[in-house]
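Thanks for coming. I have one model to go through today, and I will keep to what can be computed from its atoms.

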Amino acid sequence: MAGLRLAPIEVRDLTVAYDRHPAVHHVTCRFEPGSLTAVVGPNGAGKSTLIKSIVGLLRPAEGRVSVGDLKRRDIAYLPQQADIDRSFPITVADTVALGHWARVGIFRAIGRPLRDKVAEALSAVGLEGFEQRPIGSLSSGQFQRVLFARLLLQDAGVILLDEPFNAIDARTTQDLLDLIGRWHGEKRTVIAVLHDMDQVRQHFPDTLLLARELVANGPTPDCLTAANLLAARRMSERWQDDAAVCAPEKRRA
């Protein structure tokens with residue numbers, strides 16, 4: 001990300017709805033440049049929806065997201081593994097090489113220097129010699145390493161991770177946490193949707209606690225209090241029981 005100046009990511013009064021039922025409801029928060037933030041909350045709390053809104057994959061019903069002057073190529077996004085089709089016949093090397101496309105284009109050939117970078121990225125995640133394996137033959141942990149290698153090639157200033165440690169082994173989790181720590185040390189902005197609160201407390205300085213509405217946002221010890229976690233659970237239960245249709249507010253001309 002040489003020469004890239006990061007701006008804060010600002011979410012202002014954001015509401016995102018599916019069939020007019022809010023998944024994220026009037027959320028306002030801010031992610032500082034170079035911060036490392038965990039997004040946590042009960043199931044169905046809108047965590048993935050918030051991440052997709054920052055990436056630009058979902059349109060707000062209300063409010064807005066600002067990423068400053070960042071281009072789409074400056075934001076790297078790792079979706080949940082369940083959202084990725086691993087039946088497509090593609091090799092590990094070609095999957096990782098997709099990280100180059102934002103800069104070199106889809107139809108340009110990947111030359112030797114870029115292939116060397118693919119090999120370096122695979123080495124960095126512990127997958128030397130896996131270049132020609134089909135991705136469908138990999139374990140969940142191996143495939144997640146491949147996706148992190150692709151993120152390395154994207155060299156983005158902002159990295160968004162949606163449940164990056166779901167259903168992978170402890171060793172892979174620790175290796176990828178180490179890589180996230182490296183990104184943080186390089187002053188990249190990293191935001192990750194997580195479920196393991198002990199993991200969050202140990203590795204993530206900042207936390208956003210969400211239950212469709214914002215519960216808490218700031219230093220992790222201040223957010224993950226027993227009172228805040230109880231409030232998030234109660235808010236989530238309320239939404240599940242009687243979530244209303246979200247009608248857009250009338251705006252003054």
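Some ground rules. This is a predicted model, in which local features need pLDDT of at least 70 and side-chain atom pairs count only at pLDDT 80 or more, while totals for chains, interfaces and linings use all residues. Residues are numbered from 1 along each chain as its sequence is written, and side-chain values use heavy atoms, with hydrogens and water left out.

The protein chain has nine helices and nine strands. Those are DSSP runs, numbered from the N terminus: H or I with at least four residues for helices, E with at least two for strands. Of the 253 residues, 48% count as buried. Buried means under 20% relative accessible area, exposed means over 50%, and partly exposed is in between, with a 1.4 Å probe and protein chains only. As for contacts, meaning heavy atoms within 4.5 Å, residues 24 or more positions apart account for 72% of those with a separation of 6 or more.

Now helix 6, residues 170-185. The expected span of a helix is 1.5 Å times one less than its number of residues. For the 16 residues of helix 6 that gives 22 Å, and the end C-alpha atoms are 22 Å apart, which agrees.

Which residues of helix 6 are buried? They are Thr172, Thr173, Leu176, Leu177, Leu179, Ile180 and Trp183. Seen down the axis of helix 6, these fall within an arc of 160°, so they line one face of the helix. The arc is taken from the directions from the helix axis to the C-beta atoms. On the other side, Ala170, Arg171 and Gly185 are exposed.

What do the buried residues of helix 6 pack against? The list is strand 3 (36-40), helix 5 (140-154), strand 6 (158-162), strand 7 (189-193) and helix 7 (197-203).

Next, the ends. At the N-terminal end, Asp169 caps helix 6, with a side-chain oxygen 3.3 Å from the backbone nitrogen of Arg171. For reference, a polar contact is a pair of N or O atoms within 3.5 Å; within protein, one must be able to donate a hydrogen and the other to accept it, and residues adjacent in sequence count only if both atoms are side-chain atoms.

After helix 6 comes Lys187, with a positive phi near 70°. Most residues other than glycine have a negative phi. Lys187 is in the loop between helix 6 and strand 7, and at 58% relative accessibility Lys187 counts as exposed.

The loop between strand 6 and helix 6 holds Glu163, which also has a positive phi, near 50°. Glu163 is buried, at 16% relative accessible area. Ala167 is in the loop between strand 6 and helix 6 as well, but Ala167 is exposed, at 63%.

Helix 5 is mostly covered, with 13 of its 15 residues buried. Just after helix 5, Asp155 takes a positive phi of about 50°.

How many aromatic pairs are there? The count comes to one. Phe148 and Trp183 are stacked, 5.7 Å centre to centre with 10° between the planes. The pair links Phe148 in helix 5 to Trp183 in helix 6, 35 residues apart. The rule is that rings of Phe, Tyr and Trp (its six-membered ring) pair if their centres lie within 6.5 Å; planes under 30 degrees apart count as stacked, over 60 as edge-to-face and the rest as tilted. Phe148 is buried at 0% relative accessible area, and Trp183 is buried at 2%.

Arg86 lies over the face of Phe143, 4.5 Å from the ring centre. The charged end of Arg133 sits over the ring of Phe130, 4.0 Å from its centre.

Last, helix 7. Gln199 is found there and counts as buried at 14% relative accessibility. Leaving aside neighbours within four places in sequence, Gln199 is in contact with Phe165, Thr173, Leu177, Leu194 and Phe204. Of these, Thr173 and Leu177 are among the buried residues of helix 6.

Notes. Lys NZ or Arg CZ within 6 Å of the ring centre and 35° of its normal.
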